[in-house]
Amino acid sequence: MNDMVQIVPVQSKKQLAQFIDLPHDLYAKDPNYVPELFIAQQDLLSARKHPFFKHSQAQAFLAFKGDKLVGRILAIWNNNHNTFNNVLEGQFGFFESINDQEVATKLLETAEHWVKEKGGHTIVGPINLTTNDTCGLLIDGFDRPPMAMMPYNPPYYIDLITHAGFADKVDLRAYYVTTSTASQRSVLLLDRLEERLKRSGIILRQINLKDFANEAKKIKQVYNKAWDKNLGFVPMTDEEFDHTAKDLKMIVDPKYCIVAEKDNEVIGFALGIPNINEVLIKVKRGRLLPFGIFKLLFGLKKIKTLRVLMLGVIEGYRKLGIEACLYGRIIKNAIPSGIEAAECSWMLDHNYMMNHAIEQINADLYKRYRLYEKAL
């Protein structure tokens, strides 16, 4: 058998299916692995369907040893990211490999060459398309499954990536808080805090799903303003935001989507979503048909955890206690709904203000992720 590592660009539907399905085999014996939904991954990687490809490019690659599929990677060139941040940087994402340094190095080198040809000076990853999607390599907290829209990988990936010449860029944090240990003080103080904000003309309310299009428009403005100084952030185009909002609308519960308003203008918001990974972990190979759809529909009602995946307040309104109120309101709403715990993620390691706000409600830092970089 030919044991040479061969890298092949993904060009056909069949190859794309192989690319999406590879993790199911790699993680077959890992009890914490959660399969991604096939149709969702197909949509994310489809140049015809996803608005990312209207302004940028990506190329998927497969690694074979003989006729055995042993790895995959996506090389990414995000024009909007480079323009907004004034950099010449490519990314890699969707990295998976058997525990074989040669396979990993060849995959990463392929992505590096592709990025270099586009004019890139640096490559950063893992970023699974953009920083608005899943990103980071899990480096600590392998004992539990990932929450909704968070990555997962085996510990040996750390060595594979560092031995391929990548250096640490930044760590991302995930915090875990149970409704029973959540600082009762923050929930008790909520009314007092909200009263104080009200005197300044700031009110908190749930999102109105009946007016979803207008609500989404207001939230988009906050999203693009509140995160503009975050590492690697790039504002979403209207089409990208609408695409994401449409997906999230299917699982959004108004109790966990809270906005802060002043003079009818949204100045901050927090979004928590049910942790659908509690259900997806049982959906074989990420296929909704024939039986996966029933697992999903029946399982949604039994979900016991949430993920708070967005929380932002625009500059000029920070340090007023709005962040604590947004977290407190979500916790307060979660308790009667039978929710037992929530993950707040992800936070930049050096975002002291946000990390401090979360630690104030007795949340534990329980998982860490890392972005790596390499000069080309």
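Predicted model: local features only at pLDDT ≥ 70, side-chain atom pairs only at ≥ 80, totals over all residues.
Residues are numbered from 1 along each chain as its sequence is written, and side-chain values use heavy atoms, with hydrogens and water left out.

Helix 4 covers residues 101-117, and its 17 residues reach 24 Å from the first C-alpha to the last, close to the 24 Å expected at 1.5 Å a residue; the expected span here is 1.5 Å times one less than the number of residues in a helix.

Which residues of helix 4 are buried? Among them are Val103, Leu107, Leu108, Trp114 and Val115, and buried means under 20% relative accessible area, exposed over 50%, and partly exposed in between, with a 1.4 Å probe and protein chains only. Glu112, also in helix 4, counts as buried because its relative accessibility is 9%. Leaving aside residues up to four places away in sequence, Glu112 touches Ile123, Phe166, Lys374 and Leu376, where contact means heavy atoms within 4.5 Å.

Just after helix 4, Gly119 takes a positive phi of about 105 degrees. Lys118 lies in the loop between helix 4 and strand 5 and is partly exposed, with a relative accessible area of 32%. Not counting residues up to four places away in sequence, Lys118 touches Gln57 and Trp77.

Now to the strands. Strand 3 (residues 68-77) runs antiparallel to strand 4 and is joined to it by 5 bridges, and two strands pair if DSSP finds at least two bridges between them. Arg72 stands opposite Glu96 in strand 4. Strand 4 also pairs with strand 5 (residues 122-125), in the parallel sense, over 3 bridges. Together, strand 4, helix 4 and strand 5 make a right-handed β-α-β unit, which means that, with the strands pointing away from the viewer, the path from the first strand over the helix to the second runs clockwise.

Turning to helix 7, residues 212-226, its 15 residues should span 21 Å at 1.5 Å a residue, and its end C-alpha atoms are 20 Å apart, which agrees. Its buried residues include Phe212, Ile219, Val222 and Tyr223, and the buried residues of helix 7 pack against elements including strand 8 (202-206) and helix 8 (238-249).

Finally, how many disulfides does a search of the whole structure find? The search finds 0, a disulfide being a pair of cysteine sulfur atoms within 2.5 Å. The closest cysteine sulfur to that of Cys257 is in Cys344, 15 Å away, and so too far for a bond. Cys257 counts as buried at 3% relative accessibility, and Cys344 counts as buried at 2%.

Definitions and conventions:
Helix = DSSP H or I, 4+ residues; strand = E, 2+ residues; numbered from the N terminus.
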